[in-house]
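Hi,

Here is the structure I promised to pass on to you.

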Amino acid sequence: MPFHQTKLSNGLQVLGETNPSALSVALGFFVHTGARDEVDGESGVTHFLEHMIFKGTEKRDALQVNRDFDRIGADNNAFTSEESTVFHAAVLPEYVPQAIDVLADILRPSLRDDDFQMEKKAIKDEIARYEVRPEWAVYDESRKMFFGDHPLGQSILGTRESIDALGRDQMYDYFRRRYVAPNIIAVAAGNFDWNEFVRLIEGQCGKWESGPIGRRGLVEAAKRTGQKVIRREKLNQEYVMMWAPGPAGDSPLRYAAHVLTSIIGDYTGSRLYWALVDPGLADSADISFMDYEAAGAFLLSFSCQPENSKRNLEIIRKILQEIQTNGVTDEELRVARTRMAAREVRGNERTHRRMLAIGHDWAYLNTYRTLDDELAAIDAVSIADIRKLLDRYPLRDLMTVALGPLEKLE
């Protein structure tokens, strides 16, 4: 599957991986901006702007945007994270021109004040819906506590108060600052013609404004410990999240981190699964590795009946101490690598998944990685790599936040 790359004169990067045997094409615009790029008074603006992108342009209103996607059978959406905003669509090969026309057009939105005020209500409703979800509430609070004043501690959604205070002109200033051409990557994966793709992108995006790019706070997050219990008497379960520092998104240790978390807390066949979920002590228990630019974190979470919380914490600490002291076994390493490789192969059979992987790798590593590169990196993780990771990022004294009916965990 040949890879292609070029850059427009305004700095916008264009990437493509062509696969003539594919039956579809996935297209995406990766904007290198997220919640961590917001300054004082802008909390929640990145996610809010993602919504506003679909509210219309000089050529289309919101209804027309939706209709034009529907006419070509596009599977389209967008998402906002701490570091990126991505707009994407999967279509049949013959509809690539129309899909690019809509995607590129909406990335230069009108940001009409009437739409802004109407969508502000929708955003506040969304925040309210998330606030009553215990999993989200404990995640948001624990993330803020763990990262503290680090930019990664900033909320993606913002608060109802911050959205209330946000003005349309503030959003426009943020858009002009962050949605410049050098901060955007256009990506395609699947069955398409590369030269035609570049021509279409040049025609739609070649005159987009250029400008300075960059990101503040490119440092590791400081280690934070401690415990906080948020009491919600009406909840029937206790929700617990535990954080520890981990390697950054471009670290050579990132593959070891993914393998280690698969061994400790994959949703099946892991130490946490057999110790907590299988015997019914917890409804869920897992650990994930979250890699960011210049920073990273391990996030362990579990939910259970309140009376099991103390026992589960003791079991988790024992598992982590055992891992920290003795590492992992050869068999655990082999199974985890096989499991990860199988998921990677299955995921990359989809053009949408492949497009996201290409864009992510280019944004974080400024390089193109094939599926074989990924499989080789997974297979290369050794017991020594796991030991090096644990020595550099020990899984002890995790910062813990609990939400539920308990007044205290221990």
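The second largest pocket has a volume of about 400 Å³. A pocket here is worked out on a 1 Å grid over the protein atoms alone, as an open set of points where a 1.4 Å probe fits, with protein on both sides within 12 Å along at least five of seven lines, and lining residues have an atom within 4 Å of a point. Grid points are joined across faces, edges and corners, and the volume is the space filled by probe spheres set on the points. Of the 19 lining residues, Glu58, Arg108, Pro109, Phe175 and Glu209 are the closest to the centre of this pocket. Helix H3 (96-106) and helix H7 (168-178) are the elements that give two or more residues to its lining, and H7 gives the most, with four. Helices (H or I, at least four residues) and strands (E, at least two) are DSSP runs, numbered from the N terminus. By class, the lining of the second largest pocket has eight nonpolar, four polar and seven charged residues; Ala, Val, Leu, Ile, Met, Phe, Trp, Tyr, Cys and Pro count as nonpolar, Asp, Glu, Lys and Arg as charged, and the others, Gly among them, as polar.

Please keep in mind that this is a predicted model, in which local features need pLDDT of at least 70 and side-chain atom pairs count only at pLDDT 80 or more, while totals for chains, interfaces and linings use all residues. Residues are numbered from 1 along each chain as its sequence is written, and side-chain values use heavy atoms, with hydrogens and water left out.

Now to the largest pocket, which holds about 1300 Å³ of space. Its lining has 40 residues, and His258, Phe289, Asp291, Arg353 and His360 lie nearest the centre. H9, E9, H12, helix H13 (351-365) and helix H14 (371-380) each supply at least two lining residues, with the largest share, 10 residues, coming from H13. The lining of the largest pocket divides into 17 nonpolar, 10 polar and 13 charged residues.

Two of those elements also pack against each other. Helix H9 (residues 254-265) and helix H12 (residues 330-348) have axes 9 Å apart, at an angle of about 110°. Axes are lines fitted to C-alpha atoms, for helices over the stretch in contact, and angles run from 0 to 180 degrees between N-to-C directions. H9 and H12 are therefore roughly perpendicular to each other, a term that covers 65 to 115 degrees. H9 brings His258, Val259, Ser262 and Ile263 to the contact, and H12 brings Glu332, Leu333, Ala336, Arg337, Arg339 and Met340; contact means heavy atoms within 4.5 Å. Five nonpolar, two polar and three charged residues make up this contact of H9 with H12.

Strand E8 (residues 238-245) and strand E11 (residues 399-404) run antiparallel and are joined by five bridges, with methionine 242 partnered by threonine 400 in E11.

Seven bridges join E3 to strand E6 (residues 184-190), and the two run antiparallel. Strands E4 (residues 75-80) and E5 (residues 85-91) are also antiparallel, joined by six bridges, and they form a hairpin with four residues between them.

Happy browsing!

Conventions
Angles under 35 degrees count as roughly parallel, over 145 as roughly antiparallel, 65 to 115 as roughly perpendicular and the rest as oblique. Two strands pair if DSSP finds at least two bridges between them.
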